[in-house]
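Subject: Structure handover

Hi,

Here is the structure I promised. Please load it and read my notes alongside.

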Amino acid sequence: MSLELNEVTLTYPDGDGRLTALDRVSLDVPGGTLAAVVGPSGSGKSSLLAVAATLIRPDSGTVAVDGVRVEGAAPARLAELRRRRIGIVFQQPNLLASLTAAEQLQVMAQIDGRPPRKARPRALELLEAVGLADLADRRPHRLSGGQRQRVNIARALMNDPAVLLVDEPTSALDHERGAAVIDLIARLTREQGTATVLVTHDRGHLDAADQVAEVLDGRLTAPATTG
Ligand SMILES: Nc1ncnc2c1ncn2[C@@H]1O[C@H](COP(=O)(O)OP(=O)(O)OP(=O)(O)O)[C@@H](O)[C@H]1O
C-alpha cells in the first residue's frame, strides 16, 4: 500500500494565462505512514488531494496509487481504483440523514456491488475502532460533531483502502476534539496500514505525523520525518 506523486504539475485556466496550483510536486507515502501537508489558504493543498484522489488529472508528472499508475488509465478503471483503493475524508462529514451510523458504512459496500447486510460485521468493527460501538444504530442528528466526523473516518475505511486522503478533518471541531480525531487517524493509519495524507493549516496537529511537508505557492518542501 502506498501513494507516490512524482513531479506533478497542475495548472488551472486563469484569464488569458494559466495559474500553477502545483509545481513539480513529489510525495512518497508508504503504507502505515501518516504524511501531513501544511500550508496557507490557496497554497495548493486541496489541489494536491484532488490529484492524489485521481479526481483531477495533472498537466504532467505521475501518480501511483497502491502501485497502479493513474496516467492513461481508462475512466472506468479510475472509478474502480477510487472505489476500492482510495478512502477520502472530506471536511464536512456529509452523512445521510436517514441512515444509522452502521448503515452509512454498509452503503459503501453496496456502492461496491456487495450486499450491505454482509458488510455489517465489518461496519461494526470499524465503528468500534473509532470508539462508537455503542452508537451504531444512531442517526446523524443524534450524534455530536466529533462523533459524526468519526463515522466519516470509519466510512472512508470501509472498503479497506490502500490510500487514505483527509482534508482538514478538524475544521468544525474544538481543539480537544480536533486533536482526538488526528490521534485517531494516526492510530488507524498504523492499524490498517494505509498510506495517509492529512491536509491541515493547523500546525498544532503535526506531532502525530510521520512526515510533514509544507506547501507554498504550489511548491512542496521535501518532507521532514518527525519523531
Ligand atoms: N477550479 C479552479 N479553477 C481555477 N483556479 C483554481 C481552482 N481551484 C483552485 N484554484 C486556485 O489554485 C490555487 C490553489 O488552490 P487550492 O484550493 O488547492 O489551495 P488550498 O491550499 O487547498 O486552499 P484552502 O486552504 O483555502 O482550501 C489557488 O490560487 C486557487 O485560487
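Which residue stands opposite Val 65 in strand 5? Val 68 does. Bear in mind that this is a predicted model.

**Strands**

Strand 4 (residues 60-65) and strand 5 (residues 68-69) run antiparallel, joined by two bridges. The two strands form a hairpin with two residues between them. Asp 66 sits in that turn and has a positive phi of about 55 degrees. Strand 4 also pairs with strand 1 (residues 2-14), again in the antiparallel sense, over five bridges. There, Val 65 of strand 4 has Leu 3 opposite.

**Ligand shell**

The residues around the ligand include Tyr 12, Leu 19, Ala 21 and His 201. Also among them are Gly 42, Ser 43, Gly 44, Lys 45, Ser 46 and Ser 47. Two elements give two or more residues to the shell: strand 2 (17-30) and helix 1 (45-52). Helix 1 has the largest share, with three residues. By class, the shell holds eight polar, three nonpolar and one charged residues.

**Helix 4**

Which residues of helix 4 (residues 120-129) are buried? Ala 123, Leu 126 and Leu 127 are. They lie on the same side of helix 4, because they cover an arc of only 100 degrees around the axis. In general, an α-helix has 3.6 residues a turn, so residues three or four places apart point the same way. The buried residues of helix 4 pack against helix 3 (101-111) and helix 5 (145-156). Gly 131 follows helix 4, with a positive phi near 80 degrees.

Best wishes

Methods:
Residues are numbered from 1 along each chain as its sequence is written. This is a predicted model: local features need pLDDT of at least 70, side-chain atom pairs count only at pLDDT 80 or more; totals for chains, interfaces and linings use all residues. A residue is buried if 20 or more other C-beta atoms lie within 10 Å of its own, exposed if 12 or fewer, and partly exposed in between; C-beta atoms are placed from the backbone. Helices (H or I, at least four residues) and strands (E, at least two) are DSSP runs, numbered from the N terminus. The arc is that of the directions from the helix axis to the C-beta atoms. Two residues are in contact if their C-beta atoms, placed from the backbone, lie within 7 Å. A residue is near a molecule or strand if its C-beta atom, placed from the backbone, lies within 6 Å of it. Ala, Val, Leu, Ile, Met, Phe, Trp, Tyr, Cys and Pro count as nonpolar, Asp, Glu, Lys and Arg as charged, and the others, Gly among them, as polar. Two strands pair if DSSP finds at least two bridges between them.
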